[in-house]
Structures are given as structure tokens and as C-alpha cells.
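User: Hey, can we go through the pockets and salt bridges in this one? Here it comes.

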Amino acid sequence: MANYKPEEIIALVDSHYDLTEPLRTRMDNDHKLYRLEEFDAGEGYQSYTSNEPQVYADKLISWLSSAEMVVRIPYGNSEREDRENNDAKERFLIGLLKAANDRLVDKLQPTVRHQLAWFVVLRGWYAIRALMVKDDEGDTHVEIQPWDPLHTYWGEGKNGLAWACYKTKRTPTEIKAIWGVELQGEGKGPDDDDGIDVYDFYDSEDNIVCTDDTVLKKRTKHGSKKVPVVLGPVGATPLVQAVSDTGNLDTIEDYGESCFKSSRELFEKHNFMMSTMLELTARSRKQGLKIKSRDGNKTLEEDPYVEGSEIALGQGEDVEPLGLLEMSKETGAFMGLVSGEMQRGGLPHSIYGQLEFQLSGFAINTLRQGVETVLVPRLQAMEKAHRSIFQLMCDQYISGAFKSFEVSGQDKNRMYFREEVTPDMIKNAGDVEVSFIGQLPQDEMGKMSMAQIAREGQTPLLPDIYIRDNILGLQSADQMEDAIKTQVAERTLPEATLWSLLQAANRQGREDLAELYQAELRRLFMTKHMEEMQMVGQMMQAQQPAPPPQGMPPQGMPPQGGAGPMLPPTVMPNAALGVPPPMPTAPVGPSVPPGTPRPGARSTEGRLASLGLVPPAGGE
């Protein structure tokens, strides 16, 4: 790897600037639109500056910032252990992003996602440096620092980026505070506020920070197997070359477009027409005057439009209004056409709640589909950026140069985690997929309905794990499955329900309720214990062998009295076995209707009376 010196780094940056100057000029002009730089209608004329560019860009930035980020590794046909490694890697990456955001917030910067959303919308590019670094104590820290693409320079090699450099301006005081180097020379003292160009340069092995003539950070290994910078354009437009003498210089500005791609010129025309209307409106409030005098030099010392004003006129002098100018009859139609083109190139006004007439819900949803044209390419850019960041961080972590460290955060299922993930767990996990979902609330309801339909019936269409992993897109389907089973287990057994209520009462400090549930839980356990003991006794009694028939010796023993061999029991008569003769069967009486006493039979009262339990019939 070439050992670049400061002057060589500056030469590389200057050369790349010359090649990409149209692109950077376009980025700078787009920023002026976003900042609502005042429109100039000419000296002496009213000027109007529309807020359309800023509102439009802020709407997209808000969508990207609030989109639901899903970091997941599909289960497929993997085993439970592999799925657990996949879940651990998902939580590891979410924890890395949270740690990086915490460091950015400490440095008074927006989070990674918010900065990327701003750059993707307004620059049309994204650039991020992603590194794991060690402090003086050997602890590992995560640094994911978005770069402004306007000031990012790069060179391509055979396998991607060969080098990347971020050029910023720093004051001498900032340079001393960050790198501990005190610059010498004119304009470089601590009291000088002029910015000095600082070059943060990375190649596939080393990092060096320098100014035009001073090394602020010596060449050091950055610990990544390749340039630790993620860089990419927005949209599907490739870098093409035109048939002209300038080569690709006239098309480089189209390579990675901002949200103002289709409306830059329309904003200027809209401001011009609105400025014209503002000028005519101002003139209607205070019209021009035609003053007649003998020498033509008369002027009015007072404003004639102020209520109660008086004008002193001599003979032959007069004051008349010039009259109002009118807009062309085609102005309204033209403004409507411009407004329509601005909506087709950006967002329809219905997105902002501006509806000129009543629309049905279906019509509003149809209009919202036009949002995908400008939103989806930027969501895809966010996905590519995060996927590349995670790949860089995982490659660095599994290299063995860093100790295992603890990550924490909240996954997509709103479940908090705090755990230590080892490099081996990351190495054995699958490839991560990142998706940003900027969806409407009814989209979630549609997913729920689809999942319920797939699960209904005696034979479901799809298994639960597939429904949770693919249709609902849950972060950890196994974790959700365990949570559901835990809830079922808590409600199935009565003692489990009592135990949960007992714990809740203790957590709330309700000792009176806790004592009641504790007593009920003991009673339930004692009842179940007694039932189990009775069941065991019955089972033991059922398993004991039946006693031999009366008069028969146990099996294998000769009969008493020294009798000789006997016949097998299977062929011996009942009398020989000691079985008593059967009881005689009572004769069957005559058939009588139900409830009619059998002939000769005594009634129940008669039987009880014969036993002396009730008095006889007719007795006192």
C-alpha cells in the first residue's frame, strides 16, 4: 500500500474535485433552495420566496427518520441453535447502532439515521465512516460517523474503494483540542478564527489526518480489511458518458440526485409569478400618481393615501391615480399547470391535508401511492447504507482484534435487551437483511388479517413460525413464540395464576392481598397432594395379586394332607376348586305396568311398618 504524504493526498483530492465539480455545484445549489434563499425579482419590485422546497424536503426527511427499521436474518430451515445465533446477531447490530448514536449525541450531533436521511434527501448521496476503535484502557467503542458527501472525495480500485478522504475546515483551537497539535505560522494562531482545511484520509490499511503542510495524526492501522467508508448514490441512474468533448463531466451531476430533481426550475418560475402577484397587490394598496403642474416639478410632501390627508394645489395643478394593472387572463391557468407539475415531481398537496373538495378514502389512498416515486429510492438508499455499515462492523468484530462487549437496546418487537455477544456467535450467523418500512397504519392491519387467515381452520395454511417470520416480519419469531407459550402457561394452571397474582401483589406492596393468595396457594397445593396420595394408594392396591380361592393352596404348593397330584385348575370342576354353588335365580313374576305393585308384594310403607320404623296404616 502506497505511503501517501500530505502533498500527495491534497493532489488526489484536488484532482477528484475537478472531476466532480458539477456534482458538487448542484449539491450546493440544492442546499440554497432548502434554505429558502430569497428570490430576487429585481430592484424596486416586491419579491416572494415560496416555502415549497423546504416543506417538501422536510416531509421526506421526516418519513425516512420515522420509518420502521427492521434488522433481521430469515430463519429458513435452520435449526434452533442457528436461529438463536441469528437472533443474537440481530440484537448485536441494533446495539451497535444505539452505541454509535449515543456517541453522536454526546458530540451534539443528530443520530446516524437522522443525518443519513438529511444527506440522502438533499445531497442525493450517502457517505459514512464505520469503525471499531479501542481507547487507552483497551475498551472497544463504536464509531459510525456520517460524512457530508459534498466534502467527501474518493478513488476507485479493482474491488471497490481504494481510498476515501473527508475534507473539513477547523479552527486552530479545534485542531489543538482534537489532535493535540499546535499549528505554527501566519493565520494559525489560537486567536485566528479562519478555518484551516483538514484532510481525514483512509486507504485499505491505514488512516492519516493532515493539513496542507502538517501531519495531525500519524499513519496508523484502522483495523478494517478494506476502506472503512460506505459510499453510494441515490436512485437507479448509473454514471453514463455523453457524446461530447467534456466526456462525463456534463452527466456527473445526474449521478445520485436529490429530491429536487424534477422541480428545480419550477420553483424559480413559481417564485417569479408569486412575486408579480405580490407586486400588483402592493400597487392596489398604493397606486401610482400622475401630478400635473405648470413646470412639471411639483411633488407631494404628504402621503395622499393616509386618511384625512390634504393636498394644496395651485391653478392648473392636479393629482390623478395612474390606475391598476391587471394580470393576464391566462395567468391562473398557467399557475395551475406549474402547480400540477410541481406535485407530479414532488408530493401531492393531499399529503399535507390540502383538499379542495371532498374525497373518498379510496381516492386519498390512490393519491398517496404517488409518494412511492420519491420515497422508495431514498428508503432503498437508507437500506443499502445500513447493510454496508453492519457488514463492515461485523467483519471487524470477527477478526479477533476486539474483546467481546455488551450491547443493549430495544428490538423491533419493543423488547429491551442487554447481553454480551461473542465473535463466534456473529461468525456462525447468517447474512443480515435491513429494511425501512414507511407504511400507513392500514398496512399493519392488512398484515394482521393475512396472518389470521393463514392460521385459521383445523389445518392451517402456514405454520406459526413462518407467519411470524415472513408475514408479520417479527424481529425474533422464536422469542415471540416463547413469550406466547409463557403467557399460556401462566393462565392454564390455577396455581400458576395464583403465583402470578401473588408476585404482582408483592411488587405493589399489598401485603394483605399477598397473604390471602399465599394461603389459597397452600390450600391448593395440599389438596392436590392429598389427591395424589389417594391415587397412589389406589394404584398400589390395584397392582397387588388376587388371593387364591378358598381351599386352594398357593401356586406351586402341594395340597394339604399329602394328597397326590391333582388335575390342572382349567379342567377341574368348581366344586373341586372350592367355589360355592351359584345362588338360585328367583322366578320371574308376571308383567305389570310400571308403578303397579307385584301381586302378593308388600308396599314400601308396609315393609317399613313391619320393621317398626313407621306406624302402621290407619294407626294413631
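**Pockets and salt bridges**

Analyst: β9 gives the largest share of the lining of the second largest pocket, five residues. Helices (H or I, at least four residues) and strands (E, at least two) are DSSP runs, numbered from the N terminus. A pocket is an open set of points on a 1 Å grid over the protein atoms alone, where a 1.4 Å probe fits, with protein on both sides within 12 Å along at least five of seven lines; lining residues have an atom within 4 Å of a point.

User: What kind of model is this, and what are the ground rules?

Analyst: It's a predicted model: local features need pLDDT of at least 70 and side-chain atom pairs count only at pLDDT 80 or more, while totals for chains, interfaces and linings use all residues. Residues are numbered from 1 along each chain as its sequence is written, and side-chain values use heavy atoms, with hydrogens and water left out.

User: Which residues lie nearest the centre of the second largest pocket?

Analyst: Trp154, Glu156, Gly160, Leu161 and Leu231, out of 28 lining residues. The volume of that pocket is about 690 Å³, as the space filled by probe spheres set on the points, which are joined across faces, edges and corners.

User: And how much space lies in the largest pocket?

Analyst: About 980 Å³. It has 29 lining residues, and Lys107, Arg129, Glu143, Arg170 and Asp200 are the closest to its centre. Elements that give two or more residues to this lining include α5 (112–122), β2 (125–134) and β3 (140–147).

User: Switching topic: how many salt bridges does the structure hold?

Analyst: There are 21, counting a side-chain nitrogen of Lys or Arg within 4 Å of a carboxyl oxygen of Asp or Glu. Arg129 and Glu143 form one, at 3.3 Å from N to O.

User: Are Arg129 and Glu143 buried or exposed?

Analyst: Both are buried, that is, under 20% relative accessible area, with exposed being over 50% and partly exposed in between (1.4 Å probe, protein chains only).

User: What about Arg219 and Asp206?

Analyst: Their closest N and O atoms are 3.4 Å apart, in a salt bridge. Arg219 sits in strand β8 and Asp206 in strand β7. Arg219 is partly exposed because its relative accessible area is 24%, while Asp206 is buried at 9%.

User: And Asp512 with Arg510?

Analyst: That's a salt bridge too, 3.2 Å between the closest N and O atoms. Asp512 is at 42% relative accessibility, so it counts as partly exposed.
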